Amino acid sequence: VITVSTPAREELSERLSIDPSKIEVVMPLAARVPQEPQARAELEHTRRKYGLPEQFILMLGTVEPHHNHKAVLDALAVLDSNVGVVVCGRRTVYSDFLLRYARERHLAARVDFIYELTPADLPALFRMARVFAYLPDARSEASIVPVVEALRAELPMVLSDTRLNREAAGNAAAYVNPEASGEVVAALENALCDESWRQTMRQRERRRAELFSEYAVAERLIQIYTSL
């Protein structure tokens, strides 16, 4: 059996009574991010298509309470007023709640929802975003893929401090407890403004992303098949 994370291996082993030594972990591939920066005109086309701000924090994935989008919205109140948040994910009851929540706090102008993202536009979003925030708690059915995609795009990240996120990003991200508002604000402010930290993270992400390259995944699969 092959799975994409250590927590998934442990869950499979427990639920299906499988010997964990028979379950291998292979880090997943992610969306291809062009190595050459897209032309400014292409980026501007995508920005206008979705009505995006000049600077924004990008959030991808399921829009549900356990993913703690509200923690980032709360941080907006004390962050630079020029920074917005772009939430990408299918429309849910919780996304409607978040929109009302933003309006009640006079933040609606700084929050954008993309319910139907064209996959071809994802690389442009990574290029335009200032920070990637992914804050699922340990109880949520989170995915490792959004973190891998951000790694390959060398986009500075603020992640919830979960085993799954650390397995994916290693030392190439800032980790926070989403329920500690002070931690979220401090980490986002640092990720947005500290150029030295941002450069260090990009270098670490570049190295970390090698684990998720086509070559690395193919080599790992060959090792598994050969062992059988």
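The legends below go with a set of close-up views of this structure.

This is a predicted model, so keep in mind that local features need pLDDT of at least 70, side-chain atom pairs count only at pLDDT 80 or more, and totals for chains, interfaces and linings use all residues. Residues are numbered from 1 along each chain as its sequence is written, and side-chain values use heavy atoms, with hydrogens and water left out.

**View 1**
A quick word on terms: helices (H or I, at least four residues) and strands (E, at least two) are DSSP runs, numbered from the N terminus. Buried means under 20% relative accessible area, exposed means over 50%, and partly exposed is in between (1.4 Å probe, protein chains only). In a regular strand the side chains alternate between the two faces of the sheet. Here, Val83, Val85 and Val87 point one way, while Gly84, Val86 and Cys88 point the other way, and all are buried.

**View 2. Strand 3 and its two partners.**
Strand 3 (residues 55-60) pairs with strand 4 in the parallel sense over 6 bridges; two strands pair if DSSP finds at least two bridges between them. Look for Ile57, which stands opposite Val85 in strand 4, and for Leu60, whose bridge partner in strand 4 is Cys88. Strand 3 also runs parallel to strand 6 (residues 131-134), and 2 bridges join them. On that side, find Leu58: its bridge partner in strand 6 is Phe132. Strand 3 has 5 of its 6 residues buried, so it is largely enclosed by the rest of the structure.

**View 3. Crossing over from strand to strand.**
Strand 3, helix 3 and strand 4 make a right-handed β-α-β unit. A crossover is right-handed if, with the strands pointing away from the viewer, the path from the first strand over the helix to the second runs clockwise. Strand 4 pairs with strand 5 as well, in the parallel sense over 4 bridges, and Cys88 stands opposite Ile114 in strand 5. The chain gets from strand 4 to strand 5 through helix 4, and this β-α-β crossover is right-handed too.

**View 4. Helix 4 and its buried side.**
Helix 4 (residues 93-104) has 12 residues and reaches 17 Å from its first C-alpha to its last, close to the 16 Å expected at 1.5 Å a residue. That expected span is 1.5 Å times one less than the number of residues in the helix. Its buried residues are Tyr94, Ser95, Leu98, Tyr101 and Ala102. They cover an arc of only 115° around the axis, which puts them on the same side of helix 4; the arc is that of the directions from the helix axis to the C-beta atoms. What do the buried residues of helix 4 pack against? They pack against helix 3 (69-76) and strand 5 (111-114), where contact means heavy atoms within 4.5 Å. Over on the other side, Val93, Arg103 and Glu104 are exposed. After the helix comes His106, whose phi is positive, near 60°.

**View 5. Helix 2, another helix with a buried side.**
In helix 2 (residues 40-50), Leu43, Thr46, Arg47 and Tyr50 are buried. They cover an arc of only 100° around the axis, which puts them on the same side of helix 2. What covers these buried residues includes strand 3, strand 5 and helix 5 (122-128). Ala41, His45 and Arg48 are exposed on the other side of helix 2. Gly51 follows the helix, and its phi is positive, near 65°.

**View 6. Thr6 in helix 1.**
Thr6 sits in helix 1 (residues 6-16). Is Thr6 buried or exposed? Thr6 is buried, because its relative accessible area is 15%. Leaving aside neighbours within four places in sequence, Thr6 is in contact with Val25, Arg163 and Glu167.

Cys88 is buried, with a relative accessible area of 5%, whereas Cys193 counts as exposed at 54%. A search of the whole structure finds 0 disulfides, a disulfide being a pair of cysteine sulfur atoms within 2.5 Å. Ala180 lies in the loop between strand 8 (174-176) and helix 8 (181-193), and at 22% relative accessibility it counts as partly exposed. Ala180 and Ala142 are 38 residues apart in sequence and 20 Å apart in space, C-alpha to C-alpha.
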